[in-house]
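Please look at the sequence and the model before reading on.

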Amino acid sequence: MATFEYSGRDTSGGLVRGSLDAGSQEDVATLLFGDSITPIEIREVKNSERVGKSGAVAGAKDLANLSPAEFFEALTRPKVGLEELIVFSRQMYSLTRAGLPLDRAITGLGASLKNRTFQQILKEVVNSLENGMTLATAMGKHRQVFSQLFLSLVHVGENTGRLDLAFQEVGKYLELERSTRKQIKSATRYPMFVLAAIAVALGVVTVFVIPVFAGVFNRIGADLPWQTLVLIETSDFVIGYWPYMAGAGALLWFWFRRYLATEKGRLDWDRRKLGSPLMGSILERIALSRFARGFAMVSKAGLPIVQGLTIVAGAVGNAHIARHVLKMREGVERGESLYRTAVNSRMFSPLVLQMIAVGEESGNIDELLEEAADFYEAEVAYDLKRLGDAIEPILIVFIAGLVLILALGVFLPIWDLNTSLN
């Protein structure tokens, strides 16, 4: 199977764009006609484009091609948060299970939302449903909100007549994602608070304290040590050039966001994150737990392995690991077993590889991958609890170094002056 990009017209004449996994262009056309979409163009996505198109760098090329004003608007536009998607999935599970028509259910949910962006998206989804589209196709027009995994499970739920179970599985997956994010925030809250307090303290000392000491020393005419001279010069530079420093920082931030919006930038940044000393192994296990959990879900839904790997590549949240997942897909397409492609990827521990091998032989790979995901998530939870203990000594050394520099720069000349007077 391959990935194809398509553009076409729906029953109302509106332009529809998206991507599908199929064996040929004819298969894509058949699927589109089944969704009441008349294809205009169908193009196969090359291997070099798949990481970006799979969702690992969702919308990267679109953001990279925006003008500065459009890019800034895209960044400041209200986002659809994870909490809102969880509530939406839970409510859709309850409403579809009760047998309420989709258009009425989504319209009612949209009216109760406070997020204007999500409201507008749900209105467009309802309009697409009224024009004859399926729910997965209608949601697929808003891939910046609904991930490929979300859309694939909804598509399977529609085809099997169990859309309620699809939303239930999506809700469970999103809740696990929320739990992981909360653990990361909890582990990094204390270090971030300390660093922010240090930054504020340094700003106050640099702008208000050091200039007072510099004026006193200039009136006395004392010979100052080099440590004090460095502090005074630094303070003068910050006070004299802070507008230029603020502008340079804003430009650097804007450039970095634009760089991350490119496929190469996101791939390079995600690879470097995995190599960071404290968080690298934790981020890697988080991505692998997402892979195991997501692949178990798509396998349980009955999707083929090749299509499932493509979907999961967009759900791991790391472009570097997503590229390895897509290489696994290419190995499966060549006829290799899933276990062999997993070994060649060099991403998994021996225990997880053994689970994949047993699951592939027994046909229970979804259950064993769920256990692998539980294993990774338990390791992540343990490492995040220990992260604070690992960061605390580094912060203490850092703070001690700053205090030493300030003490030498401020108190040495006072000490020398007191010695001379005595």
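Is leucine 113 buried, partly exposed or exposed? At 21% relative accessibility, leucine 113 counts as partly exposed, where buried means under 20% relative accessible area, exposed over 50%, and partly exposed in between (1.4 Å probe, protein chains only).

## Basis of the report

The structure is a predicted model, in which local features need pLDDT of at least 70 and side-chain atom pairs count only at pLDDT 80 or more, while totals for chains, interfaces and linings use all residues. Residues are numbered from 1 along each chain as its sequence is written, and side-chain values use heavy atoms, with hydrogens and water left out.

## Overall composition

The protein has 18 helices and 3 strands. Helices (H or I, at least four residues) and strands (E, at least two) are DSSP runs, numbered from the N terminus. Of the 422 residues in the protein, 41% are buried.

The accessible surface comes to about 22,800 Å², and carbon and sulfur atoms account for 59% of it; such areas come from the Shrake-Rupley method with a 1.4 Å probe, and for residues only the protein chains shown count as cover. A contact means heavy atoms within 4.5 Å. Among contacts between residues at least 6 apart in sequence, 63% join residues at least 24 apart.

## Leucine 113 and its surroundings

Leucine 113 is found in the loop between helix H6 (102–111) and helix H7 (116–130). When residues up to four places away in sequence are not counted, leucine 113 touches Phe118, Gln119 and Leu122. Phenylalanine 88 is 25 residues from leucine 113 along the chain, and their C-alpha atoms are separated by 9.6 Å.

## Aromatic pairs

A pair of aromatic rings is described by the distance of the centres and the angle of the planes. Rings of Phe, Tyr and Trp (its six-membered ring) pair if their centres lie within 6.5 Å; planes under 30 degrees apart count as stacked, over 60 as edge-to-face and the rest as tilted. A search of the whole structure finds 13 aromatic pairs. In one of them, the ring centres of phenylalanine 88 and phenylalanine 118 are 5.6 Å apart and the planes lie at 65°, so the pair is edge-to-face. Phenylalanine 88 lies in helix H5 (residues 82–97) and phenylalanine 118 in helix H7, so the pair ties together parts that are 30 residues apart in sequence. Both phenylalanine 88 and phenylalanine 118 are buried.

Another pair, phenylalanine 375 with tyrosine 376, is tilted, with 5.7 Å from centre to centre and 55° between the planes. Phenylalanine 375 is partly exposed, with a relative accessible area of 26%, whereas tyrosine 376 counts as buried at 3% relative accessibility. One aromatic cluster is formed by Phe88, Phe118, Phe146, Phe150 and Phe167.

On a 1 Å grid over the protein atoms alone, a cavity is a set of points where a 1.4 Å probe fits but cannot get out, and lining residues have an atom within 4 Å of a point. Grid points are joined across faces, edges and corners, and a volume is the space filled by probe spheres set on the points. The count comes to 2 cavities of 30 Å³ or more. The largest cavity has a volume of about 80 Å³. Helix H10 (163–220) and helix H13 (280–300) are the elements that give two or more residues to its lining. That lining divides into 3 nonpolar, 2 polar and 4 charged residues. Here Ala, Val, Leu, Ile, Met, Phe, Trp, Tyr, Cys and Pro count as nonpolar, Asp, Glu, Lys and Arg as charged, and the others, Gly among them, as polar.

The second largest cavity holds about 50 Å³ of space. Its lining has 7 nonpolar, 2 polar and no charged residues. H10 gives the most to this lining, with 4 residues.

In helix H14 (residues 305–313), 8 of the 9 residues are buried, so the helix is largely enclosed by the rest of the structure. Among the buried residues of H14 are Val306, Gly308 and Ile311.

Arginine 346 lies in the loop between helix H16 (338–345) and helix H17 (350–362), and counts as exposed at 76% relative accessibility. Most residues other than glycine have a negative phi. Arginine 346 has a positive phi of about 60° although it is not a glycine.

Note on methods: 1 Å grid on protein atoms, 1.4 Å probe; cavity = no way out; pocket = protein on both sides within 12 Å on 5 of 7 lines; lining within 4 Å.
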